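Here is my notebook from an afternoon with this model.

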Amino acid sequence: MAEQTFIMIKPDGVQRGLIGEIISRFEKKGFYLKGLKLQNVEKSFAEQHYADLSSKPFFGGLVEYIVSGPVVAMVWEGKSVVATGRKIIGATNPLASEPGTIRGDFAVDIGRNVIHGSDSVENARKEIALWFPEGLAGWTSSQHNWIYE
Ligand code: ADP
């Protein structure tokens with residue numbers, strides 16, 4: 001199976017009307033959307049998603065931020081989509097993100113950085129299982145052979 005990553009537009013990205021812009025960047029690159037939903041998440045679910053960061057001083061604030069409004073959960077598929085997705089998103093601190101990246105173009109503060117993307121193939125697998133237990137859409141783009149060799 002082709003590589004997949006979990007991408008989440010955080011509540012600030014939804015509130016600021018960036019859903020279409022963000023989807024467009026992944027779509028135009030040549031990655032395929034395999035799962036998509038807008039939802040509010042429970043505190044316990046947000047804590048599970050960010051469990052690796054539970055000892056960080058900003059953990060409480062991070063969880064409050066994620067539950068403060070709906071998020072858009074997505075699965076994107078394509079060659080090297082985990083690492084390339086992180087490049088499209090930009091560095092964690094938006095002041096350090098390059099212009100042209102999502103955080104570089106649309107964010108200022110680290111605690112309001114608009115978007116999440118899995119940082120490894122293994123974490124992508126875990127996050128997709130957590131967010132999409134119902135499974136993903138199966139389809140192949142008719143443009144596939146115009147994008148991939
Ligand atoms: P990334 O989201 O780039 O993978 P991390 O996994 O290190 O980054 O952190 C997860 C999220 O926690 C960040 O995207 C950001 O929203 C928040 N965060 C990280 N560091 C801080 C910080 N020092 N202060 C506030 N929030 C932070």
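Entry 1: I started at G30, which follows α2 and has a positive phi, near 120 degrees. My helix and strand labels are DSSP runs, counted from the N terminus: H or I over at least four residues for helices, E over at least two for strands.

A note on the ground rules: this is a predicted model, so local features need pLDDT of at least 70 and side-chain atom pairs count only at pLDDT 80 or more, while totals for chains, interfaces and linings use all residues. Residues are numbered from 1 along each chain as its sequence is written, and side-chain values use heavy atoms, with hydrogens and water left out.

**Entry 2: α2 itself.** Which residues of α2 are buried? I found I22, I23, S24 and F26. I use buried for under 20% relative accessible area, exposed for over 50%, and partly exposed for what falls in between, with a 1.4 Å probe and protein chains only. The cover over these α2 residues includes β1, β2, β3, α5, α6 and β4.

**Entry 3: the cores.** Next I looked up the largest nonpolar core, which has 21 residues. Such a core is a set of buried Ala, Val, Leu, Ile, Met, Phe, Trp, Tyr and Cys residues joined through side-chain atoms within 4.5 Å. The members that touch the most others are I22, F26, M74, W76, I102 and I115. At least two residues of this core come from each of β1 (4-9), α2 (19-29), β3 (71-77), α5 (81-89) and α6 (102-106). Another core, of 16 residues, lies apart from it and has F6, M8, F59 and I128 among its members.

I then followed I102. Leaving aside neighbours within four places in sequence, I102 is in contact (heavy atoms within 4.5 Å) with I22, R25, F26, I88, I89, A107, V114 and I115.

**Entry 4: α5.** The buried residues here are V81, V82, T84, G85, I88 and I89. Looking down the axis of α5, I see them fall within an arc of 170 degrees, so they line one face of the helix. That arc is taken over the directions from the helix axis to the C-beta atoms. β1, α2, β3, α6, β4 and α7 (121-131) are included in what covers them. Just after α5, G90 has a positive phi of about 95 degrees.

**Entry 5: α7.** In this helix I noted N123, A124, E127, I128 and W131 as buried. They cover an arc of only 135 degrees around the axis, which puts them on the same side of α7. Their packing partners are β1, β2, α3, β3, α5 and β4.

Entry 6: S80 has phi near 55 degrees and sits in the loop between β3 and α5. V114 has phi near 75 degrees, and its place is the loop between α6 and β4 (115-117). Is each one buried or exposed? S80 is partly exposed, at 38% relative accessible area, whereas V114 is buried, at 0%.

**Entry 7: the ligand.** Which residues are around the ligand? I listed K10, Y50, L53, F58, L62, R86, T92, R103, I110, G111 and N113, where a residue counts if one of its heavy atoms lies within 4 Å. For polar contacts I took pairs of N or O atoms within 3.5 Å. A polar side-chain atom of R86 is 2.7 Å from a ligand oxygen atom, one of K10 is 2.9 Å from a ligand oxygen atom, and one of R103 is 3.1 Å from a ligand oxygen atom. The protein covers 74% of the 530 Å² of accessible area that the ligand has on its own, by the Shrake-Rupley method with a 1.4 Å probe.

Entry 8: V41 is in the loop between β2 (32-39) and α3 (43-49), and at 9% relative accessibility V41 is buried. Not counting residues up to four places away in sequence, V41 touches A46, I66, V67, V71 and W131.

G61 is partly exposed, with a relative accessible area of 46%. G61 and G111 are 50 residues apart along the chain, and 8.2 Å separates their C-alpha atoms.

Notes. A polar contact is a pair of N or O atoms within 3.5 Å; within protein, one must be able to donate a hydrogen and the other to accept it, and residues adjacent in sequence count only if both atoms are side-chain atoms.
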